[in-house]
Amino acid sequence: MLLQGKSDEEDFQRVYEQHIDAVYRVCYGFMKNSADAEDAAQETFFRLLQKGESQSFENASHERAWLIVTASNICKNALKSWTKQKREEVNNTDELPSTYEKEDKINPVLEAVLALPDKYKTAIYLYYYEEYSCREIASAMGKKESSVRSLLKRGRGILEKKLGGGVDEK
């Protein structure tokens, strides 16, 4: 699957153990509760498993980026579906749906990052929290490096306004 010379099961286990924490953090950032975050993380690794032999990565960094971008996309799709379903329920019952309860306290800066629009959130998260370069982020997101730098600059500007103060540039 990902490394030659090991069985698929051992290789998958290695990838899972190495990246589950990062994938779960990304999913939790989108989903805002443990149960949905766990489901999205599971779906991410299921998709990796489905890729099987056809999935090969240039290096460990590319592998991690693929997992994070895939997790982000799964969460975005789930939220779109959930929002549509809740809108229909509200229209049918004329009641507002109950909001989730925050299970864990999140760092205020991370919370502000996770509240950014998706295009900024993904770039900022990968750059500052997962320490990817602009080139790696561009590759993972299918964008030009200059576009990623623009997303980072605009995202930092939004964070600066929200948090009241300068956001350090790396």
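Is Cys 75 buried or exposed in this model? Cys 75 is buried, with a relative accessible area of 0%; buried here means under 20% relative accessible area, exposed means over 50%, and partly exposed lies in between (1.4 Å probe, protein chains only).

The structure is a predicted model, in which local features need pLDDT of at least 70 and side-chain atom pairs count only at pLDDT 80 or more, while totals for chains, interfaces and linings use all residues. Residues are numbered from 1 along each chain as its sequence is written, and side-chain values use heavy atoms, with hydrogens and water left out.

Let us start with the fold. The protein has seven helices and zero strands, so its elements run α-α-α-α-α-α-α from the N terminus on, where helices (H or I, at least four residues) and strands (E, at least two) are DSSP runs numbered from the N terminus. Of the 170 residues, 37% count as buried. Among contacts (heavy atoms within 4.5 Å) between residues at least 6 apart in sequence, 59% join residues at least 24 apart.

How far can you trust the coordinates? The predictor's confidence in each residue is its pLDDT, on a scale from 0 to 100. The mean pLDDT of the protein is 77, and 75% of its residues reach 70 or more. Helix α7 has the highest confidence, at a mean of 92, and helix α3 (residues 60-93) the lowest, at 74. Two stretches fall below 50: residues 1-5, with 17 contacts beyond near neighbours in sequence, and residues 93-104, with twelve such contacts. Where pLDDT is low, the predicted coordinates should not be read in detail.

Now for a helix pair. Two packed helices are described by the angle between their axes and the distance between the axes. Helix α5 (residues 118-129) and helix α7 (residues 145-163) pack at about 100°, with axes 9 Å apart. The axes are lines fitted to C-alpha atoms, for helices over the stretch in contact, and angles run from 0 to 180 degrees between N-to-C directions. That makes α5 roughly perpendicular to α7, since 65 to 115 degrees counts as roughly perpendicular, under 35 as roughly parallel, over 145 as roughly antiparallel and the rest as oblique. On the α5 side, the contact is made by Lys 119, Tyr 120, Ala 123, Ile 124, Tyr 127 and Tyr 128. Helix α7 brings in Leu 151, Leu 152, Arg 154, Gly 155, Arg 156, Ile 158 and Leu 159.

Leaving aside residues up to four places away in sequence, Thr 70 touches Thr 44 and Arg 47. Ala 78, also found in α3, is partly exposed at 31%. Its C-alpha atom is separated by 8.3 Å from that of Ala 40, 38 residues apart along the chain.

Back to the cysteines. A search of the whole structure finds zero disulfides, a disulfide being a pair of cysteine sulfur atoms within 2.5 Å. For Cys 75, the nearest cysteine sulfur is that of Cys 27, 3.8 Å away. Cys 134 counts as buried too, at 14% relative accessibility.

One last stop is Lys 32, in the loop between α1 (8-31) and α2 (34-51). Its phi is near 70°, a positive value in a residue other than glycine, and at 19% relative accessibility Lys 32 counts as buried.
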